[in-house]
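Here is a short briefing to read alongside the model. Have the viewer open and follow the residues as they come up.

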Amino acid sequence: MRRIAAWLAVLAAALFAVPALADGTAAQQSEMAAAVAEVTAAVQAGPQKIAIAGQARLDLPAGYGFVPAGPAGKLLKAMGNRPGDDLAGLILPAGDGDNWFMVVRYVASGYIKDDDARDWKADELLTSMREGTEQGNAERRQRGLPEIEVVGWVEAPRYEAASHRLVWSVSSRAKGSPAATDDGINYNTLALGREGYVSMNLVTGLKEVEAQKPIARSLLAALEFDDGKRYADFNSSTDKVAEYGLAALVAGVAAKKLGFFALAAAFLAKFAKIIGIAVIAGGAGLLKLFRRNKGEAADTDRA
């Protein structure tokens, strides 16, 4: 748990290094500090089984932490994001030098037909994502947050019909940034169920994504739907069918969720630079605060 607290302290320090937050109001900075402290108090260290929205269970391995929806939503909101009602929680790393986090959601879409997965049109999907991101930029402008833009595919959509799991990834960055800027990555993994789907979206940087793809895939593999909630349990005579298929899921719904990571490109560049520095004015202070809040529990649980 101590490593996770340290990770959160570094995250907060990195976020405060982003101009939109560093130059923000005292209230914004106070919101961030309070959110990080609440997350630190609520994080559940693996190994343990985590229930996801009454639909599935995540066999969380050792070396990771899970943050329930309530405190997770407060942290994401403080970062300038829109958590939404479908947020199930966050997965955090506990390893030294890790600079990623994963957003877990359950979307009660109904049963999603997967027969259009044979006919992906990657260019059309990417165009739709860009259009959706531009729509999200209007809200970010109103909130004084950086606008973002979609750069391109890191991994075109790939669906595994046998396991009903989908993976895809696009890179994004602060709008107008030079081409050499470190891009933020939203590496999406998704599992279909009988009544909806669980998405597990890893936020990282372009330089790190190849090394972290196995992490995202292993966490997806650790997710299983409960009995009666699996994709194969679908009953065509009684169950709701989603109004869209997989292609529309990627192109439409994903475009909206991409805007959710408004500060990904900005803070990850700062995050990578701050990781490993032992004494940071803001981070060190927050870390002391976290350790006081956790008390003896932080000393005995070192996951």
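Setting aside neighbours within four places in sequence, L166 is in contact with W120, P157, R158, Y159, N188, T189, L190, L246 and V250. This is a predicted model, so please read the points below with that in mind.

**Around L166**

- L166 sits in strand β8, which covers residues 165-174.
- Is L166 buried or exposed? With a relative accessible area of 0%, L166 is buried.
- One of the contacts of L166 is L190; the two residues are 24 apart in sequence, and their C-alpha atoms are 5.1 Å apart in space.
- R158 is also among the contacts of L166, and R158 comes back below as a member of a salt-bridge network.

**Overall picture**

- The protein has 10 helices and 11 strands.
- Of its 303 residues, 50% are buried.
- Counting contacts between residues at least 6 apart in sequence, 67% join residues at least 24 apart.
- The accessible surface is about 12900 Å², and carbon and sulfur atoms account for 52% of that area.

- Strand β5 spans residues 87-93 and is mostly covered, with 7 of its 7 residues buried.
- Strand β4 (residues 64-68) pairs with β5 in the antiparallel sense, over 5 bridges.
- Within that pairing, G65 stands opposite L92 in β5.
- β5 is also joined to strand β6 (residues 101-107) by 4 bridges, and these two strands run antiparallel.
- Here G89 stands opposite V104 in β6.
- As background, strands of a sheet pair through backbone hydrogen bonds, either parallel or antiparallel.

**The sheet β2-β3-β11**

- Which strands make up this open sheet, and in what order? Its 3 strands follow the order β2-β3-β11, with antiparallel pairing.
- The edge strands are β2 (48-52) and β11 (223-225), each of which pairs on one side only.
- From one strand to the next, the twist averages 25°.
- β2 and strand β3 (residues 56-60) are paired antiparallel over 5 bridges.
- In that pair of strands, I52 has A56 in β3 as its bridge partner.

**Salt bridges**

- How many salt bridges does a search of the whole structure find? The search finds 15.
- K74 forms a salt bridge with E38, and their closest N and O atoms are 3.2 Å apart.
- Because K74 lies in helix α4 (residues 69-78) and E38 in helix α3 (residues 26-42), this pair ties together parts that are 36 residues apart in sequence.
- K74 counts as partly exposed at 43% relative accessibility, and E38 is partly exposed too, with a relative accessible area of 32%.
- E155 forms a salt bridge with R217, with 3.3 Å between the closest N and O atoms.
- E155 belongs to strand β7 (residues 148-160) and R217 to helix α6 (residues 209-221), so this pair ties together parts that are 62 residues apart in sequence.
- E155 is buried, with a relative accessible area of 10%, whereas R217 is partly exposed at 34%.
- E155 and R217 are also part of a network of salt bridges that links E155, R158, E160, E210, K213 and R217.
- R230 forms a salt bridge with D227, where the closest N and O atoms are 2.5 Å apart.
- R230 is partly exposed, with a relative accessible area of 29%, while D227 counts as exposed at 65% relative accessibility.
- In general terms, side chains of opposite charge can pair when their charged atoms come close.

**Confidence**

- The mean pLDDT of the protein is 75, and 71% of its residues reach 70 or more.
- Where is the pLDDT below 50? Residues 254-303 form such a stretch, and beyond near neighbours in sequence it has 113 contacts in the model.
- Where pLDDT is low, the predicted coordinates should not be read in detail.

Key:
Residues numbered from 1 in each chain as written. Predicted model: local features only at pLDDT ≥ 70, side-chain atom pairs only at ≥ 80, totals over all residues. Heavy atoms only, no water. Buried < 20%, exposed > 50% of the residue type's maximum accessible area, 1.4 Å probe, protein only. Contact = heavy atoms within 4.5 Å. Areas by Shrake-Rupley, 256 points an atom, 1.4 Å probe, with all protein chains shown as cover. Pairing = 2+ DSSP bridges. Axes fitted to C-alpha atoms, helices over the stretch in contact; angles between N-to-C directions. Salt bridge = Lys/Arg side-chain N within 4 Å of Asp/Glu carboxyl O. pLDDT = per-residue confidence, 0-100.
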